[in-house]
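Here are my notes on this structure, written as numbered points. Please keep the model open while reading them.

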Amino acid sequence: MNAPGREGAALVRMLRRLAGVAASIAVSAACSIGSGPTPEATPESASESGAGGDTRWQYQLQGAVDTSVPARTFVIDLFDTPESVVEELKAGGRTVICYVNVGASEDWRADSAALPAEVRGTELEDWPGEFWYDVRRTDLLEPFLASRFDLCREKGFDGVEADNVDGWTNDSGFDLTAEDQLAYNRLVARLAHERSLTIGLKNDLDQVAELEPDFDFAVNEQCAQYDECGKLEPFVRAGKPVLHVEYGLGTSAFCAETTGMGFESIRKPRELTVPREPCP
């Protein structure tokens with residue numbers, strides 16, 4: 001279950017070369033296995049963006065997507081984003097990543113009833129209507145996720161931000177182990193790569209060293225606030241992008257540290273609406 005096939009392995013190697021461009025947010029998928037990236041799928045690096053050009057990312061999961069934000073990478077919701085918005089962003093040379101909650105149910109999603117109640121555990125703290133999955137039930141979760149990732153590809157997204165892949169460190173309602181989570185997260189990565197989508201590891205900092213080879217970039221929330229940014233060093237050493245966001249800290253409290261580490265850092269409202277403050 002964890003090891004990709006021959007074609008999947010070739011794709012992973014290609015994606016790693018793509019992500020190795022220094023300071024790049026090259027988190028887009030190639031059009032086909034073994035092919036090189038198209039100009040549209042490879043956003044320019046920070047050094048190439050021009051004087052005054054904003055090269056940070058945008059993270060918006062609430063409200064109509066503001067396509068005028070001058071970021072080169074957009075992380076936006078899979079279900080709430082029309083295909084026309086993805087097309088508009090890509091026409092402007094942006095990399096577009098679909099947000100998918102792979103570790104917890106969301107009662108408001110159209111496909112939420114597709115999984116039986118036995119897969120659903122305790123409610124996430126501070127997130128009403130979201131319930132942890134029993135990630136050991138890959139017999140049920142794999143086809144469910146495959147359908148979501150198919151939609152991500154069909155809408156034209158370049159990659160996936162897979163949220164809530166750390167149920168083993170939370171009160172999920174299930175007796176999940178580190179090994180359970182590693183197996184599930186590698187399954188998530190394989191499903192993305194099989195569809196020529198890149199995949200980002202969201203948080204799960206305690207397993208970064210083990211999972212970095214399977215993922216193409218990292219997405220992190222609040223590592224500066226909790227003094228955990230050093231745990232993302234495996235991605236930095238591998239030349240893979242780290243998309244980092246803080247909510248409670250001002251930029252003066254983290255930008256020097258995180259941009260010095262090579263992160264793409266921004267400050268956002270916790271609701272993940274349009275406003276953002278990128279690090280200089």
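1. Cys98 and Cys152 form a disulfide, with 2.2 Å between their sulfur atoms; a disulfide here is a pair of cysteine sulfur atoms within 2.5 Å. Cys98 belongs to strand β3 and Cys152 to helix α3, so the bond ties together parts that are 54 residues apart in sequence. Helices (H or I, at least four residues) and strands (E, at least two) are DSSP runs, numbered from the N terminus. Cys98 and Cys152 are both buried, where buried means under 20% relative accessible area, exposed over 50% and partly exposed in between (1.4 Å probe, protein chains only).

2. This is a predicted model: local features need pLDDT of at least 70 and side-chain atom pairs pLDDT 80 or more, while totals for chains, interfaces and linings use all residues. Residues are numbered from 1 along each chain as its sequence is written, and side-chain values use heavy atoms, without hydrogens and water.

3. How many disulfides does a search of the whole structure find? It finds 3. A second one joins Cys223 to Cys229, S to S 2.1 Å; the torsion about its S-S bond is about 85 degrees, so this disulfide is right-handed.

4. Cys255 and Cys279 are also joined, S to S 1.9 Å. The link of Cys255 and Cys279 is left-handed, with -80 degrees about the S-S bond.

5. Phe149 touches residues including Val100, Val160 and Leu197, not counting residues up to four places away in sequence; contact means heavy atoms within 4.5 Å.
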